[in-house]
Amino acid sequence: MATTMVKENNAGPAQLLGPESASERTLYPYVTGTSVVALKYKDGILMAADMAASYGSTLRYKSVERMKSIGKHSLLGASGEISDFQEILRYLDELILYDNMWDDGNSLGPKEVHSYLTRVMYNRRNKFNPLWNSLVLGGVKNGQKYLGMVSMIGVNFEDNHVATGFGNHLARPILRDEWHENLSFEDGVKLLEKCMRVLLYRDRSAINKLQIAKITEEGVTISQPYALKTFWGFSAFQNPTVGAEGSW
Amino acid sequence: MTKQQANWSPYDNNGGSCVAIAGADYCVIAADTRMSTGYSILTREYSKICKLAEKSVMASSGFQADVKALQKHLAARHLIYQHQHNKHMSCPAMAQLLSNTLYYKRFFPYYAFNVLGGLDSEGKGCVYTYDAVGSYERVGYSAQGSGSTLIMPFLDNQLKSPSPLLLPAQDAVTPLSELEAVDLIKTVFASATERDIYTGDKLEIVVLNADGIRREYMELRKD
């Protein structure tokens with residue numbers, strides 16, 4: 001590419017192309033996280049996500065925390081483009097900072113944060129430059145439990161259990177069958193682990209290193225990363241080419 | 001360099017059906033509570049009905065984020081109206097506002113299919129039906145959304161309004177009683193649920209009359 005001009009230009013490389021500049025909007029995601037699953041239980045919200053971030057089909061990063069606490073009352077989990085998730089965390093940092101600076105004893109609850117995120121996602125979609133994430137927002141404030149979801153184009157809702165990406169297809173049916181009001185902490189974790197195990201078996205971008213986060217009136221706890229027990233000893237996996245000699 | 005094409009759509013169809021029927025002194029507005037995307041159900045308990053003013057209730061299906069934004073916009077405009085005029089907006093006024101709001105985004109539309117129901121200034125039931133860019137008409141009954149093609153012909157059969165061209169002008173509102181109209185709504189949704197995959201889970205019915213506003217729910221098939 002021959003240099004046509006020598007003048008200093010602080011604008012991005014797209015500007016150098018002349019009047020028909022290339023768009024700088026998001027077109028595809030690059031480094032992505034997979035499903036997040038969450039449910040309401042007796043004391044609050046339980047949320048689970050693995051720690052993988054894929055670069056296309058490569059499992060590039062294996063220690064990514066895709067769940068973060070927001071303020072005193074909320075927990076945010078994200079799937080999709082990780083850099084956009086980090087951008088959202090910066091927005092929320094500013095939001096919480098200004099909220100704290102009022103120093104009036106009030107603090108933004110999960111409903112408010114969810115509403116803010118919905119507006120941000122919808123506005124970016126209106127400008128045709130979306131934040132490529134599916135967000136799960138859970139929290140407890142004044143005894144009220146809240147669990148909601150926002151998609152990259154602004155579709156949002158709240159429910160007793162939510163999941164993003166593959167979780168919608170694989171985990172939601174399990175949750176619809178087995179979730180009930182006032183799950184104990186142990187039962188909630190068991191149910192989430194059941195969902196995450198199915199995702200581990202069937203989602204190629206999932207890895208066996210996950211965290212489970214809990215939010216109650218007292219606050220947020222995010223577990224240390226751990227692995228689920230899996231079983232691969234099926235007889236069909238022994239001698240897989242039996243009946244098709246020459247295959248592999 | 002060839003222009004790059006977008007590979008994501010700013011729109012999605014979250015499905016659902018909405019119906020409204022106007023009576024002599026009441027109006028019934030109903031919608032199912034299922035929210036879907038593609039072949040998945042996102043949630044079974046999402047309300048598509050929004051009370052905009054004392055005597056105006058809107059039900060909208062289509063792209064949920066646009067519907068939410070539209071409802072917020074109209075609610076905000078109504079609040080300003082109340083501050084400026086010291087009264088609630090009448091249903092015909094709200095109908096015009098909704099039409100103008102939709103047309104304002106004629107070149108990047110709200111993907112929302114609306115029916116507005118309420119009581120006019122004489123206390124008679126009124127229903128307004130819209131397309132996505134604000135074209136509207138006052139009618140005696142209407143259905144919008146994914147099940148509308150299944151519901152509308154049946155309503156035509158049961159409630160057929162006289163032609164607006166007739167002289168003397170005849171009432172478009174149905175002579176049915178309030179209970180009969182609610183019963184008709186339930187029948188209509190039960191049928192639409194059978195054949196439309198996006199309609200189901202639960203039916204929410206709102207009844208507006210001189211005594212105020214009443215809400216009713218009915219279970220629908222969840223498959």
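1. Between chain A and chain B the count is one salt bridge, meaning a side-chain nitrogen of Lys or Arg within 4 Å of a carboxyl oxygen of Asp or Glu. A:Arg125 and B:Asp66 form this salt bridge, with their closest N and O atoms 3.4 Å apart. The side of chain A that touches chain B draws at least two residues from each of α2 (110–126), β10 (156–158) and α3 (166–178). Its largest share, five residues, is supplied by α2(A). Helices (H or I, at least four residues) and strands (E, at least two) are DSSP runs, numbered from the N terminus.

2. The model is predicted: local features need pLDDT of at least 70, side-chain atom pairs count only at pLDDT 80 or more, and totals for chains, interfaces and linings use all residues. Residues are numbered from 1 along each chain as its sequence is written, chains are lettered from A and ligands numbered from 1 in the order in which they are written, and side-chain values use heavy atoms, with hydrogens and water left out.

3. In chain A, 25 residues are in contact (heavy atoms within 4.5 Å) with 26 residues of chain B.

4. Strand β12 (residues 210–216) of chain A is largely enclosed by the rest of the structure, because six of its seven residues are buried, that is, under 20% relative accessible area with a 1.4 Å probe, protein chains only. Strand β3 (residues 44–50) of chain A pairs with β12(A) in the antiparallel sense over seven bridges; pairing requires at least two DSSP bridges. A:Ala213 in β12(A) is the bridge partner of A:Met47, and A:Ala213 also stands opposite A:Ile222 in β13(A).

Note on methods. Buried < 20%, exposed > 50% of the residue type's maximum accessible area, 1.4 Å probe, protein only.
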